[in-house]
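The following report concerns a single protein chain and is intended for a reader working with its coordinates. It treats individual residues, charged pairs and helix packing in turn.

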Amino acid sequence: MNGALPTTTSQITTDWLTAVLQESGTIPASVSVATATVDPQAGGIGFMGEVGKLTLTYDGDAGAAPTSMIAKFATQSPEVAALMHPTRVFEREHRFYERIAATSPVRTPEVYHVTCDVADTAADEQYLLLLEDLGGLTLGDQLAGVSPEQAEAALVGLAKHHARFWNGAGLEDAPFIPVINGPLNKAGQGIYEASLPGFTAVFGDVLRPEMVPIAEAYGNNHPKMLDRFAAMPHTLVHFDYRADNLFFEGGAGEPTGDVVVIDWQSISVGGGAADVGYFMGQNLSTADRREHEDRLLHRYHDTLVDNGVTDYPFEQFFDDYRLAVVYGWVIPVFAVGSLDSSSERAVALWTAVIERVQDAIFDHGAQEFIER
């Protein structure tokens, strides 16, 4: 390896890129990176780290080597790194790309480099990804909501992925993936209860009167719902399957091809319905969900069956889906902790999500899963 690991896009050098791209086979040994222009604001710097775009030229015949790629860095804040260290979110995503992505039938970004140096303390860990630039595809928009065609593509890809890892197949040597009802996820009860007063202060006027007691009782029910997900047939759950983490082939008004899925930091082992309920309840407009929900849920389930799943009748899946719809209530409440209330889009997004998930909960009587 040539030089120390970069910790931000500004530290990336052509020598370092040449070394890692040759090592991964992205470019042949006879080719070097001539120039690397970095755009650190392409993905932005957030709570979890930095995402930047690199534009490359080469010396030598690079063939089909990429002329752009995405660099994804873990946070360089010691405080945030220490906070996130027990969750193992960086290890989960980097190990996924390193060991599992190529075995999943759902399309993920091509991987050009992975650094995943795990340590006992956050200060001693190192993480970095170089991934395919998906800028030529259409990024999903959770605020606008995905179209029914995009939703179908997303669910077909998700079902193929879930079927591949059904009952834990292919995850035998993946100890870095926690079970869905483990302590990392069950810690969400405390986060929820701490977030609820601030959430109510900001979004109280969006709550239906009948939702108020459900929201108040939700925290105590959170661990039990995770236990129910753990009792379902196991698969590899994305656990953040939403429009802003999905890219689609074809632009607006064009046919939708395969879905491409990013952001695998929350992966867990548990019931795949968790992904379906979260996606359907919060990423389609209520009108589109009501009109297309039955067809889309059958499309997901039929795809499971077509890909070898035989122990999961639709009726069982649908009941699990109803649980997942109400479980999804945790997401907007969690989000208020990092909400930029000066961002009109952020406020509009979470207002839409809150309205959609309430509609889905009461459309399906899913409030029955919340003991009061």
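Gln11 has a relative accessibility of 40% and therefore counts as partly exposed; in this report, buried means under 20% relative accessible area, exposed means over 50%, and partly exposed lies in between, with a 1.4 Å probe and protein chains only. The model is predicted, so local features need pLDDT of at least 70 and side-chain atom pairs count only at pLDDT 80 or more, whereas totals for chains, interfaces and linings use all residues. Residues are numbered from 1 along each chain as its sequence is written, and side-chain values use heavy atoms, with hydrogens and water left out.

Gln11 lies in the segment before α1 (14–23). Helices (H or I, at least four residues) and strands (E, at least two) are DSSP runs, numbered from the N terminus. When neighbours within four places in sequence are set aside, Gln11 is in contact with Leu5 and Pro6, contact meaning heavy atoms within 4.5 Å. Between Gln11 and Asp302 the C-alpha to C-alpha separation is 48 Å in space, and the two are 291 residues apart in sequence.

Gln150 belongs to helix α4 (residues 148–164). Its relative accessible area is 15%, so Gln150 is buried. Leaving aside neighbours within four places in sequence, Gln150 is in contact with Thr138, Phe248 and Thr256.

**Salt bridges**

Side chains of opposite charge can pair when their charged atoms come close. A salt bridge is defined here as a side-chain nitrogen of Lys or Arg within 4 Å of a carboxyl oxygen of Asp or Glu. By this rule the model has 24 salt bridges.

| Pair | Closest N and O atoms |
|---|---|
| Asp263 and Lys72 | 2.8 Å |
| Arg88 and Glu125 | 2.7 Å |
| Asp363 and Arg289 | 2.6 Å |

The salt bridge of Asp263 with Lys72 links distant parts of the chain: Asp263 is in the loop between β9 (259–261) and β10 (268–271), Lys72 is in strand β3 (residues 68–74), and the two are 191 residues apart. Asp263 is partly exposed at 24% relative accessibility, while Lys72 is buried at 13%.

Arg88 is buried at 18% relative accessibility, and Glu125 is buried with a relative accessible area of 15%.

Asp363 is partly exposed at 36% relative accessibility, whereas Arg289 is buried at 1%.

Arg228, Asp319, Arg322 and Glu368 are linked in a network of salt bridges.

Two packed helices are described by the angle between their axes and the distance between the axes. Axes are lines fitted to C-alpha atoms, for helices over the stretch in contact, and angles run from 0 to 180 degrees between N-to-C directions.

α9 packs against helix α10 (residues 314–327) at an angle of about 130°, the axes being 10 Å apart. α9 is therefore oblique to α10; angles under 35 degrees count as roughly parallel, over 145 as roughly antiparallel, 65 to 115 as roughly perpendicular, and the rest as oblique. On the α9 side, Arg289, Glu293, Leu297, His298, Tyr300 and His301 meet Phe314, Phe317, Phe318 and Tyr321 of α10. The residues of this contact divide into six nonpolar, two polar and two charged, where Ala, Val, Leu, Ile, Met, Phe, Trp, Tyr, Cys and Pro count as nonpolar, Asp, Glu, Lys and Arg as charged, and the others, Gly among them, as polar.

The axes of helix α8 (residues 273–283) and α9 come within 11 Å and cross at roughly 160°. These two helices are therefore roughly antiparallel to each other. Val276, Met280 and Gly281 of α8 make the contact with Arg289, Glu293, Leu296, Leu297 and Tyr300 of α9. The contact of α8 with α9 comprises five nonpolar residues, one polar and two charged.

**Backbone phi**

Most residues other than glycine have a negative phi. Asn167, in the loop between α4 and α5 (183–186), has a positive phi of about 55° although it is not a glycine. Asp263 is also not a glycine and has a positive phi of about 60°.
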